[in-house]
Amino acid sequence: MALNLENTVDIIELMENYIESIRPPADIRDKLDINYAIDKQSVIIYEIRPAFRDPSKKIESPNAKATYVKKEDCWKVFWMRSNLKWYPYDPKPKVKTLKKFLEVVQKDEYGCFRG
């Protein structure tokens with residue numbers, strides 16, 4: 001089940017403001033950019049870079065994910081390892097709000113989200 005419309009509007013506003021605050025300067029966004037996607041119950045933050053072998057192609061590399069669990073009324077926090085699988089973020093595997101998720105990502109205590 002996807003997030004409801006009311007929550008989705010709030011999520012979009014929060015994420016748009018966050019992404020705009022961390023995006024690189026406009027003149028280098030063709031080499032590195034950051035964006036997000038909403039996929040069912042999850043919000044995923046990812047980097048966009050030119051492909052190494054073919055710079056005309058762009059590669060999206062997800063690095064942080066929050067999945068809403070209605071039953072627990074919380075967001076589970078994940079990071080993507082080099083094996084391209086999502087793992088719980090041990091310092092803070094659950095947060096109460098999406099705003100708290102963004103604070104966890106920004107702090108990046110273990111260097112998992114941005115290396």
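I count a charge as sitting over a ring if NZ of Lys or CZ of Arg is within 6 Å of the ring centre and within 35 degrees of the ring normal. By that rule I found Arg-81 over the face of Tyr-87, at 5.1 Å from the ring centre. I also found Lys-65 over the face of Phe-78, at 5.2 Å from the ring centre.

I note that this is a predicted model, where local features need pLDDT of at least 70 and side-chain atom pairs count only at pLDDT 80 or more, while totals for chains, interfaces and linings use all residues. Residues are numbered from 1 along each chain as its sequence is written, and side-chain values use heavy atoms, with hydrogens and water left out.

Aromatic pairs. I paired rings of Phe, Tyr and Trp (its six-membered ring) if their centres lie within 6.5 Å, calling planes under 30 degrees apart stacked, over 60 edge-to-face and the rest tilted. My search of the whole structure gave 3 aromatic pairs. One of them is Tyr-89 with Phe-113, a tilted pair at 4.5 Å centre to centre with 40° between the planes. This pair links distant parts of the chain, 24 residues apart: Tyr-89 is in the loop between strand E5 (86-88) and strand E6 (94-95), and Phe-113 is in the segment after helix H2 (98-107). I took helices (H or I, at least four residues) and strands (E, at least two) as DSSP runs, numbered from the N terminus. Tyr-89, Tyr-110 and Phe-113 form one aromatic cluster.

Burial. I call a residue buried under 20% relative accessible area, exposed over 50% and partly exposed in between (1.4 Å probe, protein chains only). Tyr-89 is buried at 1%, and Phe-113 is buried at 3%.

Disulfides. I looked for pairs of cysteine sulfur atoms within 2.5 Å and found 0 disulfides in the whole structure. Cys-74 is buried at 6% relative accessibility, and Cys-112 is buried at 16%.

Cavity. On a 1 Å grid over the protein atoms alone, I took a cavity as a set of points where a 1.4 Å probe fits but cannot get out, with lining residues having an atom within 4 Å of a point. I found 1 cavity of 30 Å³ or more. The lining of the largest cavity includes Tyr-18, Ile-22, Ile-45, Glu-47 and Phe-113. Helix H1 (5-22) and strand E2 (42-50) are the elements that give two or more residues to this lining.

Conventions:
On a 1 Å grid over the protein atoms alone, a cavity is a set of points where a 1.4 Å probe fits but cannot get out, and a pocket is an open set with protein on both sides within 12 Å along at least five of seven lines; lining residues have an atom within 4 Å of a point. Grid points are joined across faces, edges and corners, and a volume is the space filled by probe spheres set on the points.
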